[in-house]
Amino acid sequence: MTKKILGVGTAALLALGLAACGGSDDKGNNESGSEPANKTEGSVGESVKYKITGIDPGAGIMQATEQAIEEYELNNWDVTTGSGAAMTAALKKAYDKEEPIIVTGWTPHWKFAKFDLKYLEDPKGVYGGEEQIRTIARTGLKEDLPEAYQILSNFKWTEEDMGDVMVAIQDGEKEEQAAQNWIDENSDKVAEWTEGVDKVDGDKINLAYVAWDSEIASHNVMKLVLEDMGYNVTLTQVEAGPLWTAVSDGSADASLAAWLPVTHKTYADKFEGKFEELGVNMEGVKIGLVVPTYMDIDSIEDLKE
Ligand code: PBE
């Protein structure tokens, strides 16, 4: 078996395939004799079995991907459900063998540090543009836990900051230890979040997060920062839907995991008025479909053939 299923020669095959399908919008079956070889070599869809490797079903990127499948008319395509960890495991497995794979991806994420990857262009803008990660809280947090409210409102860091924590965890460091190391090396930043805030004496606070690598990093850092300020912090790991529900019904105090304006728009709209936005904790983040650079495609439109 050739490993470079989508090697250099494939551009030509791809172009041929596209030309051959030009007039028709029924992409499913073309009955042209030499199916197996041609399809394996010529069609990205065939090479990945028309599957986009997804993550947990509640993630905004999953909704966006369903929408992409619809808007780009990828009629015979599916997005598989799993988890962030299963997605990166599948990516690593394919990458090590230089096999084709398409994943739901986002930045910041350690995978870009470990593998050569690229986003597929999204000319229809289904995945939005530059996104932000925002901090949200239950209504009433300001009155009940004003010090935490202040720290959470001040919290802001960069892709590089989060990347340091994520890569350390990926390299085998314990989550909490990776967070502590980052805090030790960035005491100036942490000091900005806590400046002028009084310490408390064991007040309880519950932060909700989803097991996405980016959010594992941010919530572990915030846990330690709040603990250092005297809080008794619980991190509750849930899926995206339950996270938004929990912050909106007050069973969680806050979360650093609100990706907006597009990724979690459905949730933000659904719970409008029932939660409070405390500010942007990271600018310039992004979601989309991601492939290894050895794949000879550039755009989501290239999947439709
Ligand atoms: N993510 C990571 C999330 C937001 C953070 C892109 C997987 C989502 O799609 O909801």
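Axes here are lines fitted to C-alpha atoms, for helices over the stretch in contact, and angles run from 0 to 180 degrees between N-to-C directions. With that in hand, helix 10 (residues 175-185) and helix 11 (residues 187-194) have axes that come within 5 Å and cross at roughly 90°. Keep in mind that this is a predicted model. The protein has 14 helices and nine strands, and buried residues make up 50% of its 305 residues.

**Overall picture**

- Take the contacts with a separation of 6 or more: 83% of them are between residues 24 or more positions apart.

**The nonpolar core**

- The largest nonpolar core counts 96 residues, and Ile102, Trp244 and Leu303 are the ones with the most contacts inside it.
- Strand 9 (residues 275-292) gives this core its largest share, eight residues.
- What does Trp244 touch, once its neighbours within four places in sequence are left aside? Its contacts are Ile136, Ala258, Leu260, His264, Tyr267, Ala268, Phe271 and Phe275.

**Helix 10 against helix 11**

- Angles of 65 to 115 degrees count as roughly perpendicular, so helix 10 and helix 11 are roughly perpendicular to each other.
- On the helix 10 side, the contact uses Trp182, Ile183, Asp184 and Glu185; on the helix 11 side, Ser187, Lys189, Val190 and Trp193.
- Sorted by class, this contact has four nonpolar, one polar and three charged residues.

**Helix 8 against helix 11**

- Helix 11 also packs with helix 8 (residues 146-154), at an angle of about 130° and with the axes 7 Å apart.
- That angle makes helix 8 oblique to helix 11.
- Gln150, Ile151 and Asn154 come from helix 8, while Glu192, Trp193 and Thr194 come from helix 11.

**Helix 9 against helix 12**

- The axes of helix 9 and helix 12 (residues 213-228) come within 9 Å, crossing at roughly 105°.
- These two helices are therefore roughly perpendicular to each other.
- Helix 9 brings Met162, Val165, Met166 and Ile169 to the contact, and helix 12 brings Asp213, Ser214, Ile216, Ala217, Ser218 and Val221.
- Those residues divide into seven nonpolar, two polar and one charged.

**A closer look at Met162**

- Met162 sits in helix 9, which spans residues 159-170.
- Is Met162 buried or exposed? Met162 is buried, because its relative accessible area is 1% and the cut-off for buried is under 20%.
- Not counting residues up to four places away in sequence, Met162 touches Pro108, Ile133, Trp157, Ser214, Ala217, Ser218 and Met282.
- Met162 and Trp182 are 20 residues apart in sequence, and their C-alpha atoms are 8.9 Å apart in space.

- Asp116 is in the loop between helix 6 (111-114) and strand 4 (117-119).
- Asp116 and Thr293 are 177 residues apart in sequence, yet 5.7 Å apart in space, C-alpha to C-alpha.
- Leaving out neighbours within four places in sequence, Asp116 is in contact with Tyr95, Val291, Pro292 and Thr293.

**Cis peptide bonds**

- Thr107 and Pro108 are joined by a cis peptide bond, with omega about 5°.
- Pro108 falls in the loop between strand 3 (103-107) and helix 6, and Pro108 is one of the residues that Met162 touches.
- Leu260 and Pro261 are joined by a cis peptide bond too, with omega about 10°.
- Pro261 is in the loop between strand 8 (254-260) and helix 14 (265-270), and Leu260 is among the contacts of Trp244.

- Tyr50 is not a glycine, but its phi is positive, about 55°.
- You'll find Tyr50 in the loop between helix 3 (44-47) and strand 1 (51-53).
- Tyr50 counts as buried, because its relative accessible area is 12%.
- Glu73, again a residue other than glycine, has a positive phi near 50°.
- Glu73 lies in the loop between helix 4 (60-71) and strand 2 (78-80).
- With a relative accessible area of 41%, Glu73 is partly exposed.

Notes: Residues are numbered from 1 along each chain as its sequence is written. This is a predicted model: local features need pLDDT of at least 70, side-chain atom pairs count only at pLDDT 80 or more; totals for chains, interfaces and linings use all residues. Side-chain values use heavy atoms; hydrogens and water are left out. A nonpolar core is a set of buried Ala, Val, Leu, Ile, Met, Phe, Trp, Tyr and Cys residues joined through side-chain atoms within 4.5 Å. Buried means under 20% relative accessible area, exposed over 50%, partly exposed in between (1.4 Å probe, protein chains only). Helices (H or I, at least four residues) and strands (E, at least two) are DSSP runs, numbered from the N terminus. Contact means heavy atoms within 4.5 Å. Angles under 35 degrees count as roughly parallel, over 145 as roughly antiparallel, 65 to 115 as roughly perpendicular and the rest as oblique. Ala, Val, Leu, Ile, Met, Phe, Trp, Tyr, Cys and Pro count as nonpolar, Asp, Glu, Lys and Arg as charged, and the others, Gly among them, as polar.
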